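Hello,

Here is the structure I said I would pass on. Please open it beside this email and follow along.

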Amino acid sequence: MSDVRRRVPRTDALLAEPRLAAAAARLGRTLVRAAVADAQQRVREGALPPEEAADAALAALPETAGGLREVLNATGVLVHTNLGRAALSAAAREALLAAAGTTDVEFDLTTGRRSGRGTEALAALAEAVPRAEAVHLTNNNAAALVLAATVLAQGREIVVSRGELVEIGAGFRLPDLLASTGARLREVGTTNRTHLADYAAAIGPDTGFVLKIHPSNFATTGFVAAVPVAQLATLGVPVVHDIGSGLLRPHPALPAEPDADGSLAAGADLVTASGDKLLGGPQVGLVLGRREPVERLRGHPLARALRVDKLTLAALAATLRGPAPPVARALAAEPAELAARAARLAGSLAAAGVVAEPVASEARVGGGGAPEVVLASAAVAVPAGFAAPLRAGRPAVVGRLHADRLLLDLRTVPAADEPALLAAVLAAHRSAPAG
Ligand SMILES: *Cc1c(COP(=O)(O)O)cnc(C)c1O
């Protein structure tokens, strides 16, 4: 035993190894120490030759100290909630990185005085939806709804259709969220049908607002009826419309998805939405609408608790003003182009001895949006055994298992990431050739 002990490289010697010392300077000593300790343990167990300890520790280090690993989304689900929803555009990433230092987020560099916070992001949103008299930003859409309910309906009633009381995922239910503000939900209509008269009968002196929630993650068909915003706007009380996905204008591929401009045109007083779904930006809640209610939301003490940070403000401004983000590009991709890319990629893989075949695929919007919409796509099918080694790779690759094969759907892989995808599959092939 003492023999083995002696052969385990010493911690200080490993930490002094130039590459590991450089990594410690970049990532911090904690992560490097942990990787070194793991490598030493493997040497102790006889699973690693002592002279390979430094290499093993180095290989086990994360790319960054952020604790999140980079993933290539080859699932064909455009807005994948578990993969962080929208991937930011290069412009937004650059803006975010630049904002990470000391910035003028609340400072006017011309006058040297304090300024409004995040004015550029707010201006970018206002430019994108000129119909909105005013805009405000919150931590996410759920926060926007909490703020609206608190400011406009605390101790009063929110009138909402029984067909729109949705669970948005991970057990979070909008009715519970709204009730947590001290507003009372006044449910009207039935699961499948709600009429204007149902709303009208429920409205009274206690009404804070009528809420319309886009049932974004499910669809009802058959004997159904819902009341459009244009009709709700005739009721004489404020109308708040949670459109969910953050489309600012109608999208030709998503005819059933409401958009902010259309909802305001129809008469909504406030529209709330997420920034990291179809808008393709950072996690943020968008509030757009008439000046008076927006200003009331902005002025409430809770607005401070729900405000967004400088990184988000920078990323949102760049998403709105910069080139189309990956989600928008993925939505717009031509099936024929995707098929050509799949054929090329499968060819490169086959030439390297990987069992790979281009196949037709069906991509989805995801993120609880447009559940009915199927986007024609193309994928490379590889044996299912590739799934685990690909998830372990750097970057990790997550595909979609289908009929005993792993599909790597190219609609969600930007063309610029294709070399990285190819390299990842080849690396997985080398690590588990049976794959
Ligand atoms: C996604 C969604 C939400 C929640 O938005 P977050 O930005 O995740 O808080 C609320 N309402 C609808 C209709 C949604 O689709």
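Predicted model: local features only at pLDDT ≥ 70, side-chain atom pairs only at ≥ 80, totals over all residues.

Domains. The chain is assigned domain 1 (2-60), domain 2 (71-84 + 328-431) and domain 3 (90-323). Domain 2 is written as two stretches of the chain, 71-84 and 328-431. Taken over C-alpha atoms, the centres of domain 1 and domain 3 are 50 Å apart.

The ligand. Which residues are found around the ligand? They are R85, N140, N141, A142, I168, L174, H214, S216, D242, G244, S274 and K277. By class, this shell has six polar, three charged and three nonpolar residues.

- R85 has a side-chain N or O atom 2.9 Å from an oxygen atom of the ligand.
- S274 has a side-chain N or O atom 2.7 Å from an oxygen atom of the ligand.
- D242 has a polar side-chain atom 2.6 Å from a nitrogen atom of the ligand.

How much of the ligand does the protein bury? On its own the ligand exposes 380 Å², and 94% of that is buried by the protein. Helix 8 (141-153) and strand 11 (239-244) are the elements that each give two or more residues to the shell.

The second largest pocket. This pocket holds about 630 Å³ of space. Its lining is made up of 32 residues, and H214, P215, F218, T220 and A256 are the ones nearest its centre. Helix 11 (229-232) and strand 15 (369-383) are the elements that give the lining two or more residues. Which element gives the most? Strand 15 does, with four residues. Sorted by class, the lining has 17 nonpolar, 10 polar and five charged residues. Domain 2 (71-84 + 328-431) and domain 3 (90-323) each supply at least three residues to this lining.

Backbone details. Most residues other than glycine have a negative phi, and most peptide bonds are trans.

The peptide bond between R394 and P395 is cis, with omega at about -5 degrees. P395 sits in the loop between helix 18 (387-392) and strand 16 (396-398).

A403 is not a glycine, yet its phi is positive, at about 50 degrees. A403 belongs to the loop between strand 17 (400-402) and strand 18 (405-409).

Regards

Technical notes
Residues numbered from 1 in each chain as written. Heavy atoms only, no water. 1 Å grid on protein atoms, 1.4 Å probe; cavity = no way out; pocket = protein on both sides within 12 Å on 5 of 7 lines; lining within 4 Å. Points joined across faces, edges and corners; volume = space filled by probe spheres on them. Nonpolar A, V, L, I, M, F, W, Y, C, P; charged D, E, K, R; others polar. Domains from an automatic or database assignment. Near = heavy atom within 4 Å. Polar contact = N/O pair within 3.5 Å; in protein donor to acceptor, adjacent residues only side chain to side chain. Areas by Shrake-Rupley, 256 points an atom, 1.4 Å probe, with all protein chains shown as cover.
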